[in-house]
Amino acid sequence: MTIKKLNKATEEISAYKEEIIDNLLKFATTDVLLFWGSDENLQKRQEQEWEPVLSWAREEFGGKYKTTKSLDVQKENLDSGMGFKKFLEKLDDKQLAAFYLAALNMRSVLLASALVKGKINSEQAFKAAYLEELFQAEAWGKDEEAEAKREERRQELYDIEKFLR
């Protein structure tokens with residue numbers, strides 16, 4: 001991702017700001033950090049990498065952000081949107097554009113929030129977002145195509161962080 005792409009997104013964001021915020025609020029209920037794996041070793045890593053971000057988000061946004069090992073969206077997560085909405089509405093166009101692109105990259109608005117607020121850096125965000133894929137690669141071996149795709153996403157997050165700072 002180039003800075004040029006981020007600048008273009010910033011220019012276009014104001015025309016669709018309400019729609020983007022509404023979509024991000026819906027996305028928050030299915031955030032990747034809320035759905036934990038069943039493997040005990042994976043859960044230990046999720047606890048280590050994800051729980052600090054979840055704890056920060058609970059405090060920052062006043063949401064419950066309840067995790068699950070099933071695919072069911074937890075009711076508490078459906079009711080956790082007001083603080084998060086206020087956060088999104090306070091972002092300027094540049095921050096919201098970076099936030100949106102980071103959230104899409106990582107499948108996580110909670111990680112994108114922490115990145116935009118400077119609570120985590122792009123490398124920490126990448127490792128948390130792709131924790132399950134990296135865990136699987138360790139267990140089953142690396143796939144060159146998947147590795148290349150992850151490296152692109154890592155670079156995108158680096159570019160987003162650079163753009164924000």
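At what angle do helix 3 and helix 7 pack, and how far apart are their axes? In this predicted model, local features need pLDDT of at least 70 and side-chain atom pairs count only at pLDDT 80 or more, while totals for chains, interfaces and linings use all residues. Residues are numbered from 1 along each chain as its sequence is written, and side-chain values use heavy atoms, with hydrogens and water left out.

Helix 3 (residues 40-61) meets helix 7 (residues 109-116) at about 80 degrees, and their axes lie 10 Å apart. Helix 3 is therefore roughly perpendicular to helix 7, a term for angles of 65 to 115 degrees. Axes here are lines fitted to C-alpha atoms over the stretch in contact, with angles running from 0 to 180 degrees between N-to-C directions; helices are DSSP runs (H or I, at least four residues), numbered from the N terminus. Val53, Leu54, Trp56, Ala57 and Phe61 of helix 3 make the contact with Leu110, Leu111, Ser113 and Ala114 of helix 7, contact meaning heavy atoms within 4.5 Å.

Helix 7 itself is mostly covered, with eight of its eight residues buried (under 20% relative accessible area, 1.4 Å probe, protein chains only). At its start, a side-chain oxygen of Ser108 comes to within 3.4 Å of the backbone nitrogen of Leu110. After helix 7 comes Gly118, with a positive phi near 80 degrees.

Conventions
Helices (H or I, at least four residues) and strands (E, at least two) are DSSP runs, numbered from the N terminus. Angles under 35 degrees count as roughly parallel, over 145 as roughly antiparallel, 65 to 115 as roughly perpendicular and the rest as oblique. Buried means under 20% relative accessible area, exposed over 50%, partly exposed in between (1.4 Å probe, protein chains only). A polar contact is a pair of N or O atoms within 3.5 Å; within protein, one must be able to donate a hydrogen and the other to accept it, and residues adjacent in sequence count only if both atoms are side-chain atoms.
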